[in-house]
Amino acid sequence: MSKVCIVFDRLRSEEKMLQKEALDLGCDTSMLDAKITQINTDSKKDDYDLGDVVLERCVSYFRGLHFTASLEFMDVSIINTYDVASICGNKMIMTLRLKKHNIPTPKTYFSFSSESAFENLEKVGYPLVIKPIIGSWGRGVMPLRDKDTAEAIMEIRDINDGPHDRIYYLQELIQRPPRDIRVITVGDEPIAAMYRKSSDGFKTNIALGADPELCEITKEMEDIAVKASKAMGGGILGIDMMEDEKKGLVVHEVNNTVEFKGLARVAKRNIPKAMVEYALTCIRK
Amino acid sequence: MNCSECDATLKILDDASVGEIVSCPDCGADFEIASKDGSNLVLKQAESVGEDWGE
């Protein structure tokens, strides 16, 4: 009997759904809290209850990423891999990867100091959307519509002076309906999609209260989602797209530890089941 | 079990698991279930949302 281990740092309904589906599929399961797990350079896979395959589900990106590195060091099969997590966790690296693989994505500008970012803004013109390269749930994402706003934001970034605050990621503001599309891919296969509708403002993150609605996966969505998944290195991903009025679908983000609670309630496919079934195919022979 | 911040009664489901978050209905403080042995629960203060939290 195969055993699926779910690594978490905050047990949410998604992790409980994954555990239930694994049990329903006849697997053993273990739940491992990354916060209280100690690893060292002599650690071996058998020192822990890691089962045959691990689903990394930490809500903290850096915790999950480094925990993944530790488990790969012990030759544990883990989803997603360190490489995938590191690409998806950094918007700049992810965007470069999308463009390199000819996947439609909004035009994005990178600067490496506030002076340079401001100079770029003045050259390109307003509005541009500023996004932190690390972070989620729409935090720190805002449209810069004029010089005053841009100056205020740049000043805050300079004061904060976190290492990632020095990297400026500015993206064209896409003309689109007040919604975006989230496609969940499992092993490069799109299994479900939803529209995320913004009720107020331009952010469409479910974590901020955007309204989820089931979306039929079109051939275009499927093709783009498959290409984006392959470009990242596969695994279990959330591909976010916008409907650009001129260019059609553009991928603006690929998420590594995809949240699916809302979509799971309305999707035709059993999302956590598909994820566990995929995990079982990743067990090292 | 009562909230350590405001003493309100916390509602914890019987099937709650270790690692789950319990929020106080009165003051909103978040607690994590640190251990569970039958009906005996140990709570600890939950981590606050970090800059790197999310998908």
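Trainee: In what sense do β6(A) and β8(A) pair, and over how many bridges?
Mentor: This is a predicted model, to begin with. In it, β6(A) and β8(A) are paired in the antiparallel sense, with 4 bridges.

Trainee: Which residue of β8(A) is the bridge partner of A:Val129?
Mentor: That's A:Gln171. A:Val129 also has a bridge partner in β7(A), namely A:Pro143.

Trainee: How many bridges join β6(A) to β7(A)?
Mentor: There are 3, and those two strands run antiparallel. Strand β6 of chain A covers residues 128-131.

Trainee: And what about β5(A), which strand is it joined to?
Mentor: β5(A) is joined by 4 bridges to β8(A), residues 168-172, again antiparallel. One pair to look up is A:Tyr109 with its bridge partner A:Leu170 in β8(A).

Trainee: So what order do the strands come in across the sheet?
Mentor: The order is β5-β8-β6-β7 in chain A, an open sheet of 4 strands with antiparallel pairing. At the edges sit β5 (108-111) and β7 (142-144), each pairing on one side only. On average, neighbouring strands are turned by 35° against each other, ignoring direction.

Trainee: Switching topic: how many residues of chain A are in contact with chain B?
Mentor: 19 residues of chain A, and they meet 10 residues of chain B.

Trainee: Which elements of chain A supply at least two residues each to that side?
Mentor: β2 (28-33) and α2 (61-73) of chain A.

Trainee: What kinds of residues are on chain A's side?
Mentor: It splits into 9 nonpolar, 7 polar and 3 charged residues.

Technical notes:
Residues are numbered from 1 along each chain as its sequence is written. Chains are lettered from A and ligands numbered from 1 in the order in which they are written. This is a predicted model: local features need pLDDT of at least 70, side-chain atom pairs count only at pLDDT 80 or more; totals for chains, interfaces and linings use all residues. Two strands pair if DSSP finds at least two bridges between them. Axes are lines fitted to C-alpha atoms, for helices over the stretch in contact, and angles run from 0 to 180 degrees between N-to-C directions. Two residues are in contact if their C-beta atoms, placed from the backbone, lie within 7 Å. Ala, Val, Leu, Ile, Met, Phe, Trp, Tyr, Cys and Pro count as nonpolar, Asp, Glu, Lys and Arg as charged, and the others, Gly among them, as polar.
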